[in-house]
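Hello,

Please find the structure below, followed by my notes on what turned up in it.

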Amino acid sequence: MAPVVLLLVALIGFLALGMIRAPLWGWAAAVGVFTWLATSGCSGLLAWIAWVPFLALAALSIPSVRRNLVVAPVFARIRKILPKVSDTESQALEAGTVGFDAELFSGTPDWDKLQSIPPIELTPEEQAFLDGPTEELCRLISDWQIRHNLHEIPENIWDFVKAHGFLGMLISKEHGGLGFSPQAQSLILGKIASRSPDVVTIVMVPNSLGPGELIEKYGTDEQKHYYLPRLAKGEEVPCFSLTGPTSGSDAATMRDIGHVTRGTYQGKDTLGVRLSWDKRYITLGPNATLVGLAFRLFDQDNLLGKGEDVGITLALIPASHPGVNIGRRHLPSGAAFPNGPNWGNDVFIPMDWVIGGETMAGHGWRMLMECLSAGRAISLPSSATAGAKMMLRVTSAYGRIRKQFGLPVSRMEGVEEPLVRIVEAAYVNEAARAMTAAMVSRGERPSVISALMKYQTTEKMRRAVNDAMDIHGGRGICDGPANYLQSAYQMVPVGITVEGANILTRTLITFAQGALRSHPYLYREVQAAQDTDRKRGLDAFEDAFNNHIAFSLSNATGGFVHNLTGGAFVAAPAGALRMSHWYRQLGRASRSFAFVADLTVALLGGGLKTKQKITGRMADALSELYMLAAILKRYDDDGRPAGDEYIVDLAAQNALYRFQEAIGGTIDNFPVRLARPLMRVVVFPLGRRFKPASDVQGHLVARHALQPGDARDRLTRHIFVSKDVNDPTGILEVTLEKVIAAEPIEKRLEKAIRDGVVRRYHGIDWFAEAEAKGVITAAEADQLREVEQLVARVIAVDHFDPEELKPHYVKLGHNARGAESLAAE
């Protein structure tokens, strides 16, 4: 056999072995055959040396030899250098579940698992609540009244949400709540958010990380029977106090402490906890009647039998309890929802107030992580998605109504570009929101996915709000009752910041924890290496290590082959039809991600946490893959509507481009320089081939999505849409319909004006002139007058008497106290 042919056959064979994760004896056999063919007819020392690789592989194929020569030394080395995973880290890793993120880390996503995630499903009761009380609540809301005039949620809103059970959506029917699914909660929160970010906050918090969920899952029977019905009916307003001045995103370092001791409660000697704490940024805190509290618990006398350092613990404390101090209001981004500090010093509470009682003392961090993973997957993604959809709804209408240079601004290429970005954000956020909520609804608690969902959806909303503001121009920046953008613009930083600031969620949680949590073998190896029983640990490590080696070879060879062939050999799901190409590209990108992720963890090890630019880029890469999977699933779940393929093509193209840039940035900046050439060969054998979506693709999306009709309605589904001409957003909808209906008449009038037949200046009734000259009829003149009046209202901005804008406390002669006086208190 000719040497070139032999080498080509060998290369193909070895790549195939790698892709199918062949066992070591398979490699030995293949190397043996290749060596025999290559040395056939040769003799001498070199011929004998050529058999060394075969002999080595053959020897390592024997389990006992491999264990003694490779596995055991590696195991011993890892045990020696591996930093111990702390209790809080371990609880964070073990909290929640692994979902489709594990498929992406595997490099070979199982499309059946993606398609098995249910589409949007609501019970008749949930749908009726969304269409009834939720719609009614939205109609009650006056955004300007709340955020400017009152700077408070009015009592009629509080009364409504309490009376209709909005505060108890996640509490089971058994305990007096609505017992709604996470999918229903997500849609209800989203509809309210599209009307008022302030009002959705007071509904969101009790249905997210708060006492209700914690009691439902971990509380004692007594706590469930007493508190859950009261919370469900709004008789108790809860807050949860986690963040303090020195423990923001790093909540595990909290300095709030409690000591197990005996004290007097209601005249009786009682086992309890003496607490001191200082919390801030607590949403609903100023209005709370029930304070949930996280603190570190110590038991110097071992009264609980759990040692001196019991760990992070959670408790429920009535706000009226002696020693509890509810502070004044914070003013986050000028928003109106209640938020403020609370503190206590040397406050005694009975042990019965610990959530779950003595049994759950010290388990607070795991409880928080499990609840946070579900809450983070639902609450903020729902409001961020609704925000992007609302930006699309109002901006597409305003862009069609508002004219400059004789045409609607939405038809100008410079404006079309940001409009298409808003379309993409609305489509992608809704796709990911629906898929993630469906996963949580079927019992998953996706810790990694919830983290990427939080930061990705809120960042996309931020861009959508900024684009909407740019398109509206002066109409968007002049605040007043008619401004429907300002509240969203004010609240964007809040969503970016809460439940873990996006910077840290991206750089420390999504990939740094995700690599351990979602990798098929890595966490098993870490657990085995830290097993106190060395023999048991070695046995577990050997199984994981052997599979890990095959996994790494598979992703290296598979990544190279798929990137060399453009994903031609990646399997797409049956029936994908037009979307088969994007499924293949997603599978191809997943291989590249799995390969780079594996090498990143292997080479950086415990230093991964300090390489936050690397982990941030890897988080971005993972996020783009997850979002692309959601995009493809949404298209199928929606029934593959005609024209939506343009949106999918644009979103998929951009997602793959952003993935490429993120993974490429990781490689270009990888701390271990010697690894960069290998990464580039595997991931970019033909260079960086993905490009952003073209202008032509953007124009197709704009033409399909921005006109009134099914596509626009589908893109903005499940938000509040008013048709009331006296509502700031309702007048947009009414005017849009009338502008489009009058368009043929307006074209005739515009031509007459250009031809000099009709003059259009202030002080002249040009409609009457056009009617008199036979350009339009009397009915058409009336129609155009109505449209002109409506358009004038749409583009108008509010103005005020200067005295009216002075703060209330200044009018009364009061002074606002600053931070110094607060600190003194």
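**Notes on the model**

At 13% relative accessibility, E542 falls under the 20% limit and so counts as buried. The model is a predicted one. E542 belongs to helix α26, which covers residues 534-564. Leaving aside neighbours within four places in sequence, E542 makes contact with P63, R67 and V71.

Not counting residues up to four places away in sequence, P229 touches H175 and K224. G176 is 53 residues from P229 in sequence, yet the two C-alpha atoms are 4.9 Å apart in space.

Next, the nonpolar cores. The largest one has 165 residues, and the members that touch the most others are L137, F166, M391, F511, F593, Y626 and I663. Taking M391 from that list, its contacts beyond four places in sequence are S396, I422, A464, V465, A468, L485 and A488. Another core lies apart from the largest one and holds 26 residues, including I215, Y227, A232 and I312.

Then the aromatic rings. The whole structure contains 13 aromatic pairs. One of them is F105 with F511: the ring centres are 6.2 Å apart and the planes meet at 15°, so this pair is stacked. F105 sits in helix α7 (residues 100-106), while F511 sits in the loop between α23 (502-510) and α24 (512-518), so the pair ties together parts 406 residues apart in sequence. F105 and F511 are both buried.

The pair F160 and F166 has its ring centres 6.1 Å apart and its planes at 35°, so it counts as tilted. Both F160 and F166 are buried. These two residues also belong to one aromatic cluster, together with F129 and F180.

One last item concerns a charge and a ring. The charged end of R634 sits over the ring of Y427, at 4.1 Å from the ring centre.

Regards

Definitions and conventions
Residues numbered from 1 in each chain as written. Predicted model: local features only at pLDDT ≥ 70, side-chain atom pairs only at ≥ 80, totals over all residues. Heavy atoms only, no water. Core = buried A, V, L, I, M, F, W, Y, C linked by side-chain atoms within 4.5 Å. Buried < 20%, exposed > 50% of the residue type's maximum accessible area, 1.4 Å probe, protein only. Contact = heavy atoms within 4.5 Å. Phe/Tyr/Trp six-rings, centres within 6.5 Å; stacked < 30°, edge-to-face > 60°. Helix = DSSP H or I, 4+ residues; strand = E, 2+ residues; numbered from the N terminus. Lys NZ or Arg CZ within 6 Å of the ring centre and 35° of its normal.
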